[in-house]
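Please keep the structure open while you read.

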Amino acid sequence: YGGDGTRKPIIQYRDMTGDGKPEVVVFYVDGTGTGIYIGKTHVVDAETLKEIPMESLDQAVAGHVESSIEKFADYIAVKIVIDGKETVQRIEDDSEDKSYLNDKLGFGAVVRHSIEEGRLVTLAAGSISPAGFAGDLQITYRYDEESNRFVVDRMEYDRLEEQR
């Protein structure tokens, strides 16, 4: 069972490294709660039973993402820069006290993992406050043979109002 002991893990047997041999991919939930969903992923070499490391969400964000949240009288401006590409999002907010807002987007409260088109993908919600979210950061990984680990291949940010 997952880290919270209530959900069964999802186990897949697929070639994730491109060597023609399947690896064991395990997805599980490490914790849930109000505004929290923390998924985890482990990839294990089926022959050696050694885990193949994956660049963490914290490492990925630190290496590729800059963000800020500016507070104005009737709105907030969320700016996110991913590898030099800037997106600015305006969110209506006419509250007088904006102290509940973060100074930058937070990633880590809601994290889901999957395999899409044969690639590992992490979807991390970008929080503007402890219970408010502005959008999702989608990270697609690739296997780096030289370092024997999964590293960020590309990142995209989808604003919440653009999602369907």
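1. The side chain of serine 129 reaches the backbone nitrogen of glycine 132 at 3.0 Å, a polar contact (N or O atoms within 3.5 Å, one able to donate a hydrogen and the other to accept it; residues adjacent in sequence count only if both atoms are side-chain atoms). Serine 129 sits in the loop between strand S9 (119–127) and strand S10 (133–144); helices (H or I, at least four residues) and strands (E, at least two) are DSSP runs numbered from the N terminus.

2. A word on the source: this is a predicted model, where local features need pLDDT of at least 70 and side-chain atom pairs count only at pLDDT 80 or more, while totals for chains, interfaces and linings use all residues. Residues are numbered from 1 along each chain as its sequence is written, and side-chain values use heavy atoms, with hydrogens and water left out.

3. Is serine 129 buried or exposed? Serine 129 is buried, because its relative accessible area is 8% (buried is under 20%, exposed over 50%, partly exposed in between; 1.4 Å probe, protein chains only). Beyond its neighbours within four places in sequence, serine 129 is in contact (heavy atoms within 4.5 Å) with Tyr100, Leu101 and Asn102.

4. Lysine 98 is buried, with a relative accessible area of 9%, and its side chain reaches the backbone oxygen of alanine 73 at 3.2 Å. Leaving aside neighbours within four places in sequence, the contacts of lysine 98 are Lys71, Phe72, Ala73, Tyr75, Ile76 and Asp93.

5. Now for the largest pocket, which holds about 300 Å³ of space (on a 1 Å grid over the protein atoms alone, a pocket is an open set of points where a 1.4 Å probe fits, with protein on both sides within 12 Å along at least five of seven lines; lining residues have an atom within 4 Å of a point). Its lining has 20 residues, with Gly39, Lys40, Ser56, Leu57 and His113 nearest the centre.

6. Which element gives the largest share of that lining? Strand S3 does, with six residues. S3 (36–45), strand S4 (51–52), helix H1 (57–64) and strand S8 (106–116) each supply at least two.

Definitions and conventions
Grid points are joined across faces, edges and corners, and a volume is the space filled by probe spheres set on the points.
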